[in-house]
Amino acid sequence: MLASVAWHLTSLDVSGCHVKAAGASAIGKLLGLSSRLKTLLCERCYVGDAGGANLAEGLFDNKSLTLLSVAANDIRGNGAWLLCTALC
């Protein structure tokens, strides 16, 4: 099911949803599967450091994303480092 959604999705805005680290893990998996997702807005979602790391896991495999916003999620330390590494 997730692979089917990943194929069609070009933009995802979950801003303001309380996805937390578990939801960020699902979004990270989606990122890893998607070859068409261009925009991910994930602001104020309470993902924290662990969620930032979960998103980064998917970003390592994603080559299509051109816009990512993870503002106001309290991502620090290892989560921030992994996100920066995945984006570079």
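**Note on a predicted structure: loops, sheet and helix packing**

1. Tyr46 counts as exposed, because its relative accessibility of 52% lies over the 50% cut-off for that class. Tyr46 belongs to the loop between E2 and H3. Its phi angle is positive, about 60°, although the residue is not a glycine.

2. Arg44 is found in the loop between E2 and H3. Its phi is near 55°, a positive value in a residue other than glycine.

3. Is Asn73 buried or exposed? Asn73 has a relative accessibility of 4% and therefore counts as buried. Asn73 is placed in the loop between E3 and helix H4, which covers residues 77-87. Leaving aside neighbours within four places in sequence, Asn73 is in contact with Cys42, Glu43, Arg44, Cys45, Tyr46, Val47 and Gly48.

4. Which backbone atoms lie 3.3 Å from a polar atom of the side chain of Asn73? One is the backbone nitrogen of Val47, at 3.3 Å from a polar side-chain atom of Asn73. Another is the backbone oxygen of Ala71, for which the distance to a polar atom of the Asn73 side chain is 3.3 Å.

5. The strands form an open sheet of three, in the order E1-E2-E3, with parallel pairing. Strand E1 (11-13) and strand E3 (67-69) stand at the edges; each has a single partner strand, so one side of each is left without a neighbour in the sheet. On average, neighbouring strands of this sheet are turned by 5° against each other, direction ignored.

6. Strand E2, residues 39-41, is joined to E3 by three bridges, and the two run parallel. Within this region, Leu40 stands opposite Leu68 in E3.

7. The next matter is the packing of two helices. Two packed helices are described by the angle between their axes and by the distance between the axes. For helix H2 (residues 20-33) and H3, the angle is about 10° and the axes are 7 Å apart. This makes H2 roughly parallel to H3, because angles under 35 degrees are placed in that class.

8. Which residues of H2 meet H3? From H2 they are Ala21, Ala24, Ser25, Ile27, Gly28, Leu31 and Gly32, and they meet Ala50, Gly51, Asn54, Leu55, Gly58 and Leu59 in H3. Sorted by class, the contact of H2 with H3 has seven nonpolar residues, six polar residues and no charged residues.

9. Asn54 deserves a separate point. Asn54 is placed in helix H3, residues 48-59. Its relative accessible area is 19%, and Asn54 is therefore buried, as the class requires a value under 20%. Apart from neighbours within four places in sequence, Asn54 is in contact with Ala21, Ala24, Ser25 and Gly28. The side chain of Asn54 reaches the backbone oxygen of Ala21 at 2.8 Å.

10. Two pairs of residues with Ser64 illustrate separation in sequence and in space. Asn54 and Ser64 are ten residues apart in sequence, and their C-alpha atoms are 18 Å apart. Arg36 and Ser64 are 28 residues apart along the chain, and their C-alpha atoms are separated by 5.9 Å.

11. Arg36 is placed in the loop between H2 and E2. Its relative accessible area is 34%, and Arg36 is accordingly partly exposed. Not counting residues up to four places away in sequence, Arg36 touches Trp7, His8, Leu9, Thr10 and Ser64.

12. Where does Gly77 lie, and is this residue buried or exposed? Gly77 lies in helix H4. At a relative accessibility of 53%, Gly77 counts as exposed. Gly77 and Gly52 are 25 residues apart in sequence, with a C-alpha to C-alpha distance of 9.6 Å.

Technical notes. Residues are numbered from 1 along each chain as its sequence is written. This is a predicted model: local features need pLDDT of at least 70, side-chain atom pairs count only at pLDDT 80 or more; totals for chains, interfaces and linings use all residues. Side-chain values use heavy atoms; hydrogens and water are left out. Helices (H or I, at least four residues) and strands (E, at least two) are DSSP runs, numbered from the N terminus. Buried means under 20% relative accessible area, exposed over 50%, partly exposed in between (1.4 Å probe, protein chains only). Contact means heavy atoms within 4.5 Å. A polar contact is a pair of N or O atoms within 3.5 Å; within protein, one must be able to donate a hydrogen and the other to accept it, and residues adjacent in sequence count only if both atoms are side-chain atoms. Two strands pair if DSSP finds at least two bridges between them. Axes are lines fitted to C-alpha atoms, for helices over the stretch in contact, and angles run from 0 to 180 degrees between N-to-C directions. Angles under 35 degrees count as roughly parallel, over 145 as roughly antiparallel, 65 to 115 as roughly perpendicular and the rest as oblique. Ala, Val, Leu, Ile, Met, Phe, Trp, Tyr, Cys and Pro count as nonpolar, Asp, Glu, Lys and Arg as charged, and the others, Gly among them, as polar.
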